[in-house]
Amino acid sequence: MDPIILFFIFGVLAGLAKSELRLPSQIYDFVSIMLLLTSGINELFKISFQMPRPFWLDPDVAKASSLPGGFGLPSGHSQTPLSVFGLLATAIIRGWVTLVFILLIFLIGLSRIYLGVHFYIDVLS
């Protein structure tokens, strides 16, 4: 996921945490550690599996305006929201927040397939 988007989401969550959700301050440490771990694991798997992206095999499937480099499996754009939003959903025990996070995770994964930058197996792994 683009770092600018992550910082924006993190800022919004920080504002919510202070005002409405009253999250424990340790959650920010956990989210930071989760971001580092998921990025490292993602790169390790990409190098290990070396799976192609859909647009490498058929350039006509690419709908994204800028195409990513590197290998496709697993999808970092799917893995990062799953791990971070999943962690936050367990910390924020409110039904609507969990539902929003699940919806975001699903839509981000779906967008990666739609844009032609990942196969469905890349998103599911």
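Biologist: What percentage of the residues in the chain is buried?

Modeller: This is a predicted model, in which local features need pLDDT of at least 70 and side-chain atom pairs count only at pLDDT 80 or more, while totals for chains, interfaces and linings use all residues. Residues are numbered from 1 along each chain as its sequence is written, and side-chain values use heavy atoms, with hydrogens and water left out. Buried means under 20% relative accessible area, exposed over 50%, and partly exposed in between, with a 1.4 Å probe and protein chains only. Of the 125 residues in the chain, the buried share is 32%.

Biologist: How many helices are there in the chain?

Modeller: Helices (H or I, at least four residues) and strands (E, at least two) are DSSP runs, numbered from the N terminus. The pattern along the sequence reads α-α-α-α-α-α. The chain has zero strands, and the number of helices is six.

Biologist: How do the axes of α2 and α4 run, roughly parallel or roughly antiparallel?

Modeller: Axes are lines fitted to C-alpha atoms, for helices over the stretch in contact, and angles run from 0 to 180 degrees between N-to-C directions. The axes of α2 and α4 come within 9 Å and cross at roughly 155 degrees. Angles under 35 degrees count as roughly parallel, over 145 as roughly antiparallel, 65 to 115 as roughly perpendicular and the rest as oblique, and therefore α2 and α4 are roughly antiparallel.

Biologist: Why are F45 and F49 separated by about one helical turn?

Modeller: A search of the whole structure finds two aromatic pairs, where rings of Phe, Tyr and Trp (its six-membered ring) pair if their centres lie within 6.5 Å, and planes under 30 degrees apart count as stacked, over 60 as edge-to-face and the rest as tilted. F45 and F49 form a tilted pair, at 5.7 Å centre to centre and 40 degrees between the planes. F45 is partly exposed at 36% relative accessibility, and F49 is partly exposed at 45%. The separation is about one helical turn because F45 and F49 are four residues apart in helix α2 (residues 26-49).
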